[in-house]
Amino acid sequence: MRILVCNDDGILAPGIRALAEAAVQLGEVTVVAPDGQRSASSHGISLHRRLYVREHEGFAPGIRAWSVTGTPVDCVKWAVATLGARDPFTLVLSGINEGQNLAVDVLYSGTVAAAGEGALLGMPAVAFSLVGPDYPYTSAARAALRILRCLQRDPLPPDTFLNVNIPSAYPEQAPWAITQLGVRTYREQFRRQQDEEGREYYEYEGAEVEGPEGEETDVAAIRQGKISITPLCYRFTNFSMIDSLKAWLNGMEQ
Ligand code: MN
């Protein structure tokens, strides 16, 4: 296997090191990650900014690594188009993120987007996030490895990728749950601040809104101390609306 490892917390984050160094047991590992913190960059790409790429030392022997001055999705695209051009990657891993990516978080998360981009480019892909506030990355990486071994045995259908959230307490002993995304949202709050020159600015401080969650959701699984595994795919069409919208169109004067 040729494994590409990315994240959104940046190449220096302890989570990506733990994931890359565990993944070595499955195949040849290449790390391509942003040069700094890019959390919540979602599926963004750099169209009007230069991407500088630098080879990065410091991972375990045998792991080659590059930092990119762009987003997580830039990293995956660049890696696949250049390093993977002749000898394609066969698995894309993202994380291990510092913090959970549950429910609507998947829309904002760069960790999830990097895995999603892998799936869009035709590779099996998995995003890993560790809930915190303790971050036992090495133990979480061992749990991740067990999930990846299952994936090797039973491959995912093309365009599907996995969003895995790992609880902080005893990741290796935690039971697994196959889940759907929860409904938890955030209360939108912005704190008004002043900068050094007296200019006003705002800082986002969304607070989680706890609501009733179905038993089968990622949020519920994490509350119960389980590892949550949610299959995701990018199919945004709302098929239940197609027929009624066609009727709407037929009723219009054209
Ligand atoms: Mn992050």
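The accessible surface of the protein comes to about 13,900 Å² (Shrake-Rupley method, 1.4 Å probe). Carbon and sulfur atoms hold 53% of that surface. This is a predicted model: local features need pLDDT of at least 70, side-chain atom pairs count only at pLDDT 80 or more, and totals for chains, interfaces and linings use all residues. Residues are numbered from 1 along each chain as its sequence is written, and side-chain values use heavy atoms, leaving out hydrogens and water.

Now the fold. The protein has seven helices and 13 strands. These are DSSP runs, numbered from the N terminus: helices are H or I with at least four residues, strands are E with at least two. The C-alpha atoms fill a box of roughly 65 × 55 × 45 Å along the principal axes.

Next, the inside. Of the 254 residues, 46% count as buried, meaning under 20% relative accessible area with a 1.4 Å probe, protein chains only. Nonpolar side chains tend to be buried together in soluble globular proteins. A nonpolar core is a set of buried Ala, Val, Leu, Ile, Met, Phe, Trp, Tyr and Cys residues joined through side-chain atoms within 4.5 Å. The largest one has 37 residues. Val 5, Val 31, Leu 93, Phe 128 and Val 164 have the most contacts inside this core. Helix H5 (137-153) is among the elements that give two or more residues to it. The largest share, nine residues, comes from H5. A second, separate core of 20 residues includes Trp 66, Ala 114, Phe 161 and Leu 232.

Leu 121 lies between helix H4 (110-120) and strand E6 (125-130). Leu 121 touches Val 76 and Val 80, not counting residues up to four places away in sequence; contact means heavy atoms within 4.5 Å.

Technical notes: Buried means under 20% relative accessible area, exposed over 50%, partly exposed in between (1.4 Å probe, protein chains only).
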